[in-house]
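Please consult the sequence and the model while reading.

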Amino acid sequence: MVNAQEAAVWIGMSKSLHGEREGIYRATLNLKTGAISSPELAAAIGEPEFLTLHPNGTRLYAECQLTGGKPGVAAYEISADKKSLKLLNTQPIEDGNACHLATDRSGRCLFTAQYGTGSVAMFPLAEDGSIRPRSALVRQSGTGPDKSRQEGPHPHWVGTDPQNRFLFVPDLGTDKVVIYEMDLKRGTIKPHGYGTCPPGSGPRHFAFHPNGKF
């Protein structure tokens, strides 16, 4: 059982360097000393390169490779003692590999960013945390001045504003932070505008100040 001085750490292992199995590993972090335990395999799945937690802390989501190497997302239930994972279900993305994923702040939908195909996908979440079929897919457009890496759009991250109204997507390929208005009830997103970054800067990540103003 994880106590008040400990936290569970979930680690996605996508490629084996020292004989590890691909999958999601769990370790325990001592919040007082900073010591971390040796990770142990919690769930075997193909190439989980990024993980995210549901806002209530009881579910974990991974972008991954499904059977046959098909890019997808997987949902897991975290045990009460935070030591094990139970697979709830998986869904295919059907538009390339995701490089990042996140839920909205209410935990009603899951979003993914596909770097290679330049798209953003939306998946409604069921009450039990399982992932419903993809409800929306938007392909971004544009280029940047660095032709070696900005020949087209490359969404690199997804996340919502503190008020949970808009989805923000930094696009490395177009030097923009694209903004979408979310309709969580209908499972749709529509373009709302964008913020521009310096030419060739290739924005990758985005974060709000805790006060929500910056």
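A residue is called buried when its relative accessible area is under 20%, exposed when the area is over 50%, and partly exposed in between, with a 1.4 Å probe and protein chains only. The model is predicted, so local features need pLDDT of at least 70 and side-chain atom pairs count only at pLDDT 80 or more, while totals for chains, interfaces and linings use all residues. Residues are numbered from 1 along each chain as its sequence is written, and side-chain values use heavy atoms, with hydrogens and water left out.

Q: Is Cys64 buried or exposed?
A: The limit for a buried residue is a relative accessible area under 20%. Cys64 has a relative accessible area of 1%, so Cys64 is buried.

Q: How many disulfides does the structure hold?
A: A disulfide is counted when two cysteine sulfur atoms lie within 2.5 Å. The structure has no such pair, and the number of disulfides is zero.

Q: Which cysteine sulfur is nearest to that of Cys64, and how far away is it?
A: Cys64 takes part in no disulfide. The nearest cysteine sulfur belongs to Cys99, at 14 Å.

Q: In what order do the four strands of the open sheet stand?
A: Strands are DSSP runs of E with at least two residues, and helices are runs of H or I with at least four, numbered from the N terminus. Two strands pair if DSSP finds at least two bridges between them. The pairing in this sheet is antiparallel, and the order is 12-13-14-15.

Q: Which strands stand at the edges of the sheet?
A: An edge strand here has a single partner strand, so one side is left without a neighbour in the sheet. The strands in this position are strand 12 and strand 15 (188-196).

Q: How many residues of strand 13 are buried?
A: On one side of strand 13, Phe166, Phe168 and Pro170 are buried, and on the other, Leu167, Val169 and Asp171. Strand 13 (residues 166-171) is therefore largely enclosed by the rest of the structure, and the count of buried residues is six of the six.

Q: Which residue of strand 14 is the bridge partner of Pro170?
A: Strand 13 and strand 14 (residues 176-183) pair in the antiparallel sense over six bridges. The bridge partner of Pro170 in strand 14 is Val177.
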